[in-house]
Amino acid sequence: MHISIGAEFRKNRFGQVGLILLTAITVLALLAPFVVPVDPHRQTRRSFEPPSALHILGTNHVGQDNWSRLVHGARTSLLVGFLVACAATIIGAVLGVSCALRGGLYDGIMMRLVDALIIIPAIIILILVFAYLKPDIYLIIISIALLSWAGGARILRAQTLTFKERAHIWAARSFGGNNWYVMRRHIVPDLSPILVVEFIHAFRRGIFMEAGLAFLGIGDSTTVSWGTIMRNAVEYSYMNVWSWWLLPVGLALSIAILSLTFIGHTLEPVMEPRLREEASA
Amino acid sequence: MIRRNVPTYIAALLIILGVNFILPRMMPGDPLMAIYGEEALVAMTPGLKIYLLQSFALDKPLWLQFLAYICQIAHGNLGFSYYYNAPTLEVILGRLPWTLLLVGCALILSATLGVFLGIESGWRRGKGLDRSMLSTFMALSGFPGFFVGMVLLLLFGVSLRLFPLSGALTPYSGLSGLALLLDIVMHLALPVSALTLGNLAANYLLTRNTMVTVLKEPYVFCARAKGLPERTIRYRHAGRNALLPVVTRTGIWLGRIVTGTLFIEVIFGYPGLGGLTYQALLSRDYVVLQGILLVVALLVLLVNFGIDLLYIRIDPRIRHAH
């Protein structure tokens with residue numbers, strides 16, 4: 001697994017676009033307090049205002065500044081996506097690698113669980129869970145992560161199985177390296193390109209799920225979320241306000257997901273080296 | 001393959017049943033209210049309460065409760081929705097055909113178009129058509145389905161007024177025959193397009209990539225050496241093998257398609273299970289939410305099982321593998 005992630009990006013224009021877009025959104029989200037002076041929660045009497053110098057994207061049904069809510073929504077989306085990706089990648093790596101190294105009954109049971117989790121539509125479970133438990137943002141992150149690691153674990157296990165028999169692993173074992181040592185010093189570093197790809201996929205999933213749940217009305221009411229903004233805006237789509245209320249948020253969410261998809265596609269040859277000579281499109 | 005996958009399906013079913021069983025019983029307060037939602041309290045008489053307590057064995061230890069729960073489900077009793085004043089199963093089955101229609105159309109369209117375009121594109125690897133198709137579908141694959149749905153709705157529904165904005169039928173129109181069919185198709189067009197577009201890109205990319213690797217296989221070289229016509233090599237030799245991953249992925253992606261349908265139905269006010277889920281969330285109709293989870297999961301598992309069977313027919317190697 002000697003693959004340079006930088007080289008993949010130099011070849012692939014989609015990957016470059018993805019990186020630029022993701023960086024742009026991240027910078028915007030980090031600079032939120034400087035970019036938007038208006039508090040996203042502050043309600044005014046002036047609702048449904050068209051764009052003006054004061055409100056770049058106008059105001060919503062309760063007179064909140066749309067631009068400010070859009071930028072603060074980016075913070076929520078990126079935070080959820082990032083934390084979901086961290087948690088899902090770690091769970092997937094630990095379970096995938098340990099399954100490959102231990103094998104036996106543990107492996108068998110875990111893999112059935114993984115396959116089951118891959119088939120079941122996670123969002124419906126999340127809807128039911130959150131119908132009962134009133135979620136805050138961290139419960140949402142944890143729940144999404146707990147339902148998002150399975151695909152990664154399966155791939156990581158398969159890769160580890162091929163590494164397991166290689167000479168340098170045998171060498172490490174013959175010097176007395178145990179499972180934990182081999183995993184930490186040899187397997188995980190060798191897996192790192194795949195971990196990056198899994199991280200990107202989970203990142204995208206996290207953003208999509210959070211927005212989707214908020215769109216259905218499930219979410220932390222104290223945080224500004226793109227999903228909630230779209231939910232409110234869709235209700236007024238018959239009015240002529242959607243072009244500066246609904247569309248920008250939909251676009252922002254699409255750009256976030258799009259950029260991660262492009263980055264994911266660019267890194268795909270890492271998983272399937274046979275495609276590498278093809279990827280330069 | 002089939003024998004290997006059965007434990008997976010059982011595990012999936014156990015997870016769903018477990019979630020459905022544990023969640024309401026974990027909640028503080030009256031478990032009956034947690035199972036049935038606040039709507040039930042209005043209709044609750046002491047007699048009914050005792051009957052429900054007994055049918056769920058709520059006064060017994062947890063494992064007996066689980067047995068009672070499984071028994072109820074095995075009898076097709078998914079509870080009673082006090083919001084709709086009807087058995088839950090009836091409510092769900094009433095909405096199911098619309099979702100099946102939506103998902104079915106989108107699946108068939110995206111699979112046939114995706115595989116066809118993927119085979120043609122992979123065959124012309126590196127040429128102009130392949131490159132432009134690859135770029136288009138790459139870009140398309142990044143857009144979330146519900147955004148595509150929103151744009152279609154705003155463009156063709158709100159601005160151009162070409163298609164109806166919501167629903168599956170024009171209410172109280174009294175249409176029948178061909179006019180009714182046309183009405184259904186008009187209502188179906190936008191949601192199906194939105195769902196198809198998202199899935200089409202994934203099918204195309206997968207088929208094209210497989211096609212590219214398959215074309216390097218010795219049997220394709222051999223077919224060429226035999227002097228077989230181009231079309232035969234493209235579809236009978238390479239295409240058939242490029243089809244395999246699409247079939248496998250369709251099962252895995254089904255959950256994702258169902259998720260996409262959920263949002264599309266909410267956006268287009270479509271009266272399928274997605275619309276029902278949305279309604280049930282608003283009215284806190286827990287019984288219906290649980291029922292939807294169970295029915296959808298069962299359907300997804302069934303389709304996956306069907307795909308396993310289909311796979312054996314397409315790829316005879318599987319049958320002899322075990």
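B:Ala223 is found in helix H10 of chain B, which covers residues 218-225. Helices here are DSSP runs (H or I, at least four residues) numbered from the N terminus. The structure is a predicted model, in which local features need pLDDT of at least 70, side-chain atom pairs count only at pLDDT 80 or more, and totals for chains, interfaces and linings use all residues. Residues are numbered from 1 along each chain as its sequence is written, and chains are lettered from A in the order in which they are written.

**Surroundings of B:Ala223**

B:Ala223 is partly exposed because 18 other C-beta atoms lie within 10 Å; a residue is buried at 20 or more such atoms, exposed at 12 or fewer, and partly exposed in between, with C-beta atoms placed from the backbone. Not counting residues up to four places away in sequence, B:Ala223 touches B:Leu228, B:Ile233 and B:His237. Such a contact requires C-beta atoms, placed from the backbone, within 7 Å. The C-alpha atoms of B:Ala223 and B:Ile233 are separated by 6.6 Å, although these residues are 10 apart along the chain.

**Interface and core**

In the interface, 38 residues of chain A are in contact with 47 residues of chain B. On the chain A side, the elements giving two or more residues are H5 (104-119), H6 (122-132), H10 (179-215) and H12 (246-271). H12(A) gives the most, with nine residues.

The largest nonpolar core has 159 residues, and those with the most contacts inside it are A:Ile127, B:Ile292 and B:Leu293. A nonpolar core is a set of buried Ala, Val, Leu, Ile, Met, Phe, Trp, Tyr and Cys residues joined through C-beta atoms within 7 Å. H10(A) gives the most to this core, with 17 residues. Beyond its neighbours within four places in sequence, B:Ile292 is in contact with A:Ile124, B:Ile92, B:Leu273, B:Leu276 and B:Thr277.

**Residue classes**

**Confidence**

The mean pLDDT of chain A is 85, and 95% of its residues reach 70 or more; pLDDT is the predictor's confidence in each residue, from 0 to 100. Over residues 277-281 of chain A, pLDDT stays under 50. Where pLDDT is low, the predicted coordinates should not be read in detail.

Conventions. Two residues are in contact if their C-beta atoms, placed from the backbone, lie within 7 Å.
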